[in-house]
Amino acid sequence: MNKKIHILLIEDDNNVSTYTSTTLENSGYKVTAAFTGKEGLSLTASLCPDIILLDLGLPDIDGCEVIEQIRSWRDNSNIPIIVISARDSEDEKVNALELGADDYITKPFGNAELIARIRTSLRHRHPHTQGTIYRAKELEIDFEKRYIRLAGEEIHLTQVEYQLLTLLAENSGRVLTYHYLIKTIWGPYADSNNQILRVNMANIRRKIEKNPAQPVYVFTEIGIGYRMLESESG
């Protein structure tokens, strides 16, 4: 890459920080390390990194507060933030994602998984520059022409099903929480009960998955939301 992607790693464990930094640098990224939340906020403001990897259990302020502060800044509000934390409860994950994190990886994690999540988040930094076609395996969605094809055959969805599937496709590779999906599709005053969402997702899977019980396109992140298979069209 001509200009190295600059990653800010906010992690208080020196061993984890050193290991992760070395892994990322060997993959061609530039890495700056911060060991406290306040240091991370200061470096975010001064360096404007391309992406932030954030631990939640910091010694001075909680990582969730770091997310909130960064998302409140006008100039840095679109920087992708990937949480890397040992906290594995559904509530912790949902909270971080709702506050504005783009993704959540639970420790311990594999290097390949980390690199893949970084690439996905970077592709979504400027969503309006993304391609107009989602393509993965045998599924193709053309956002401009508003059609969906599976193995060359057109798939007919209801309006709500179409909105849900295209929202997931536009954010392919990222987990979208139940709350975010309900709020976006049905509005801010919609009932927070997930039943209507689950019914629509079940209908979508019956139409696009060969075996809805073993989906290959739309995956359930139990207790959190849904993630769609990463688009191959970039």
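**Exercises: a buried threonine, a helix pair and a cavity**

T120 is buried, with a relative accessible area of 7% (buried means under 20%, exposed over 50%, partly exposed in between, with a 1.4 Å probe and protein chains only). We're working on a predicted model, where local features need pLDDT of at least 70, side-chain atom pairs count only at pLDDT 80 or more, and totals for chains, interfaces and linings use all residues. Residues are numbered from 1 along each chain as its sequence is written, and side-chain values use heavy atoms, leaving out hydrogens and water.

**Exercise 1.** Find the helix that holds T120, then the residues T120 touches.

*Step 1.* T120 sits in helix α5, residues 111-123 (helices are DSSP runs of H or I, at least four residues, numbered from the N terminus).

*Step 2.* Skip residues up to four places away in sequence, and T120 touches S172, G173, R174 and E230 (contact means heavy atoms within 4.5 Å).

**Exercise 2.** Work out how α7 and α8 are oriented to each other.

*Step 1.* Helix α7 (residues 178-186) and helix α8 (residues 195-208) pack at about 85°, axes 10 Å apart. Axes are lines fitted to C-alpha atoms over the stretch in contact, and angles run from 0 to 180 degrees between N-to-C directions.

*Step 2.* So α7 and α8 are roughly perpendicular (65 to 115 degrees; under 35 is roughly parallel, over 145 roughly antiparallel, the rest oblique).

*Step 3.* Y178, L181, I182 and W186 in α7 meet I196, L197 and N200 in α8.

**Exercise 3.** List the residues that line the largest cavity.

*Solution.* L9, E11, V16, T20, I84, K107 and F109 line the largest cavity (on a 1 Å grid over the protein atoms alone, a cavity is a set of points where a 1.4 Å probe fits but cannot get out; lining residues have an atom within 4 Å of a point).

Methods. 1 Å grid on protein atoms, 1.4 Å probe; cavity = no way out; pocket = protein on both sides within 12 Å on 5 of 7 lines; lining within 4 Å. Helix = DSSP H or I, 4+ residues; strand = E, 2+ residues; numbered from the N terminus.
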